[in-house]
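Me: I'm new to reading protein models. Can you walk me through a few features, giving the general idea and then the case here?

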Amino acid sequence: MEDKLQIVRRVAARAAGHLRRFATLPSFALTAMRTSPSERLLIAPQDIRTSDSTIANEIYSGYFALAGKVINLHGRSPFEVESPSLSWARALNSFGWLRHLRAADSALARANARALVDDFLTLAEKPGRTPAWEPRVVVRRTLSFLSQSPIILESADREFYRRFMRALRRTQLFLERQIAAGCVRGEERLFATIGLAELGLCMQADGSFRRRSTRLLADELVRQILPDGGHASRNPDALTRLLLDLLPLRQTYAARGVAPPPQLLNAIDRILPMLRMLRHGDGTLALFNGMGVTEPDILATVLAYDDPRSKAMVNAPHSGYQRVEAGASLLIVDVGRPPPPEFSTLAHAGCLSFEFSVGPQRLVVNCGAPDVNRAAAHRAARATAAHSTLIVDDTSSCRFASGHGLEKWFGDEILSGPRQVGVERQNLPTKTRLLLAHDGYRMRFGLIHERRLTLSSDGMRLEGKDRLQAVSPQAENSYPYALRFHIHPSVRLQSAFEGRAVLLDFPDDSRWVFTAQDSRIEIEESAFFAVTDSPRSSEQIVVHCRTDERTQIAWAFQHMDENQQKEAAAADEYAEKEAAAADQEKV
């Protein structure tokens, strides 16, 4: 009942928000009328994304490879052909591919860039209900036009220059109107303010627009960048994408001789250590709350702006993450509540899930987020079952709007989830221990999930204990639950000791063993979505139980030295001989 009341209140608030948008439009119109149009560009900001000049040759040959789809234009404009997917259309109209033409550094590439921009200005310049005029796409196109303006405008005639500046002016008015009307929410709103701030610095405009856009940016940074450096969405990928735009923006303020807002400098200084906190030994980011494939070149680019001697954070109380390092081992744990609704469209139901790696080798993982072309996989990846944690009755600890017929009002937002998440960190002489709990199963099952994680000081043993504590009469019912540990695809699993243990073999021939006290351990299929192509098949360790049988399970991952591996091999060999002898007796 409480969840239903909360949903009703959110529907009412959303409807009131729609009404308030119309009230803001007249004031916006007056502000826009007082802003004088810009005549020229003063500066081109840097694009720090990596580029590939060979892609320029493909574009000139009429091949556009975007968002996992390739189209042969056969001499037509890319803005005239039918898009193979929505994500392809968004990537095309974002113009991020212009940087590859600039990397080619040839007269042909510059002429090609200008011709393609001219096609857009002719065919799709005016706002409409198309992917080209989605706010997120408009922002990306704006930043691409500004950063790549040297190749677009070189040798351009006066008429093209004026059309290009009118397009930027139209973009400015569009984004200001979208912000004023409340049409951009969450992460998109911050990127929109970044685009406006960049426009205010690059265009020859009156100082009022620059000051207004800087104020919008500062306010949004305060709202979205948490004190520990995380983003309000709790998505590690959001941090990387923000730095790709915030770092050049800081440089643009300096190049114009304009003091950047302190909120911009503080945000950058806080985000960089947070990224290090979420990075594994192989250089990839932990798979929490919408994180998918880590692009190593991009991550290396943004981290190059940080002091390489700085240490990673170990406690992010506002973002809801814990990091424990010992020896070569690393444990990263999600200990946060769901993000606020407008930031939750990519968030996962993975409270108290963890990832565990040893040096550059990943061991325990979450399934990660698939690419944008896999909608069905996206829904599955958000579920609690796709994370290395406990799940009750195959029910996620969060409720998603997409699973309750409320997409019209809330899209992919999270409707409800854990409200209280307890975290206690104990740094002991021989180990580090985390005492955790969340109430995501309280409303539906009357249960609190408690998890204890202990990593030895040498990093060779990770112990855990998961417990379901009854807090209401609902808990008297019998519910099935499962402990799931998703294993990285590079690790080979083998059941041992008659199902009482699992051997885990790393690519470097090192071996770990998983055990669970008084429990039958199963090896089941899983999927790893954080790859550039189709999802990879993987495996997971699962311990099944019911609440009327017992409510806690103790388990451990233990590194095996050479002597232990020999003993395990001898035990396996003995078990195989016993099984063969039994089969022979039957014959």
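Predicted model: local features only at pLDDT ≥ 70, side-chain atom pairs only at ≥ 80, totals over all residues.

Reply: Residues are numbered from 1 along each chain as its sequence is written, and side-chain values use heavy atoms, leaving out hydrogens and water.

Me: How many helices and strands does the protein chain have?

Reply: Helices (H or I, at least four residues) and strands (E, at least two) are DSSP runs, numbered from the N terminus. The protein chain has 17 helices and 21 strands.

Me: What share of the residues is buried?

Reply: Buried means under 20% relative accessible area, exposed over 50%, and partly exposed in between (1.4 Å probe, protein chains only). Here, buried residues make up 52% of the 587 in the protein chain.

Me: What should I look at in helix α6?

Reply: Start with the general idea: an α-helix has 3.6 residues a turn, so residues three or four places apart point the same way. Helix α6 covers residues 135–147 and reaches 18 Å from its first C-alpha to its last, close to the 18 Å expected at 1.5 Å a residue (the expected span is 1.5 Å times one less than the number of residues). Since 11 of its 13 residues are buried, α6 is largely enclosed by the rest of the structure. Among the buried ones are Val137, Leu143 and Phe145.

Me: What about phi angles?

Reply: Most residues other than glycine have a negative phi. Asn289 has a positive phi of about 50°, and so does Asp393, also at about 50°.

Me: Where are Asn289 and Asp393, and are they buried or exposed?

Reply: Asn289 is in the loop between α12 and α13, and is buried at 2% relative accessible area. Asp393 is in the loop between β8 and β9, and counts as partly exposed at 35%.

Me: How do I read the second largest pocket?

Reply: On a 1 Å grid over the protein atoms alone, a pocket is an open set of points with protein on both sides within 12 Å along at least five of seven lines, and lining residues have an atom within 4 Å of a point. Grid points are joined across faces, edges and corners, and a volume is the space filled by probe spheres (1.4 Å) set on the points. The second largest pocket has a volume of about 560 Å³. It has 28 lining residues, and the closest to its centre are Arg337, Pro338, Pro339, Pro340 and Pro418. The largest share of the lining, three residues, comes from β10.
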